[in-house]
Amino acid sequence: MTGGPPLADVLVVGGGPAGLSAATWAARYRRSVLVVDRGQYRNRWASKSHGYLGNDPGDPMELLDRARTDLGRYPEVSFCEGEATGARRAADGRFVVTVDGEDYPGLRLILATGVVDEFPEIDGFSTTTARASSTAPPATAMRRRAARS
Ligand SMILES: Cc1cc2nc3c(=O)[nH]c(=O)nc-3n(C[C@H](O)[C@H](O)[C@H](O)COP(=O)(O)OP(=O)(O)OC[C@H]3O[C@@H](n4cnc5c(N)ncnc54)[C@H](O)[C@@H]3O)c2cc1C
């Protein structure tokens, strides 16, 4: 037996709604899953999120907390907090994800790393502005409709 992290059936990089959904379904199919997440969710500036079934509106961080709690019931799932700094396919076909210099092997790899917004360098531009800007067009449209009525 060799040391190091065990082989996961599925490696998921990204622990936002997409990554946790992927992890949930892999676990339900009894696959061992490792979720690697650095915890910088795109909507971390938002106080409310919309359009999630059964959670509209909802607190986006609460949604993730609940999802992680739900996932805690699946012994197949484990979490690794940190940044995946590399991902590659080894000669034997396995995937290897590197976090903090440690290599995590897996049979499958799901990249659920989301989107990173680049905010303009404008004096006074803040996360408050980001929250109210048009990074989420449906939210902006709903706000405008509410303002008109
Ligand atoms: C202000 C604002 C309001 C929004 N409102 C809504 C809304 O109301 N409804 C809605 O549906 N959507 C909304 N969105 C969009 C929302 O961000 C996405 O729906 C949702 O976050 C996408 O989930 P995701 O899992 O793809 O990405 P994210 O939630 O961004 O999660 C990706 C995760 O992967 C991690 N990651 C990335 N690279 C690495 C790496 N190399 N190693 C480890 N971890 C990594 C990130 O740090 C992050 O934790 C909003 C966005 C913004 C900016």
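Which element gives the most to the shell around the ligand? In this predicted model, the answer is helix H1, with 3 residues. The close-ups below take a look at the ligand and at the neighbouring helix pair.

**View A. The residues around the ligand.** There are 31 residues around the ligand, and Gly14, Gly16, Ala18, Arg42 and Gly114 come nearest.

**View B. The ligand between two domains.** Here we look at where the ligand sits. Domain 1 spans 8-116 and domain 2 spans 124-149, and both give residues to the shell, so the ligand lies between them.

**View C. Helices H1 and H2 crossing.** H1 covers residues 17-28 and H2 covers residues 60-71. Their axes come within 10 Å and cross at roughly 20°. Angles under 35 degrees count as roughly parallel, so that is how H1 and H2 run relative to each other. As for handedness, H1 passes H2 in a left-handed crossing.

**View D. Where H1 meets H2.** Zoom in on the crossing, left-handed as noted, and you can pick out the residues that make the contact. From H1 come Leu20, Ala23, Thr24 and Ala27, while H2 brings Leu64, Ala67, Arg68 and Leu71. By class, this contact has 6 nonpolar residues, plus 1 polar and 1 charged.

Notes:
Residues are numbered from 1 along each chain as its sequence is written. This is a predicted model: local features need pLDDT of at least 70, side-chain atom pairs count only at pLDDT 80 or more; totals for chains, interfaces and linings use all residues. Axes are lines fitted to C-alpha atoms, for helices over the stretch in contact, and angles run from 0 to 180 degrees between N-to-C directions. Helices (H or I, at least four residues) and strands (E, at least two) are DSSP runs, numbered from the N terminus. Angles under 35 degrees count as roughly parallel, over 145 as roughly antiparallel, 65 to 115 as roughly perpendicular and the rest as oblique. A crossing is left-handed if the near helix is turned anticlockwise from the far one by less than a right angle, and right-handed if clockwise. Two residues are in contact if their C-beta atoms, placed from the backbone, lie within 7 Å. Ala, Val, Leu, Ile, Met, Phe, Trp, Tyr, Cys and Pro count as nonpolar, Asp, Glu, Lys and Arg as charged, and the others, Gly among them, as polar. A residue is near a molecule or strand if its C-beta atom, placed from the backbone, lies within 6 Å of it. Domain bounds come from an automatic or database domain assignment.
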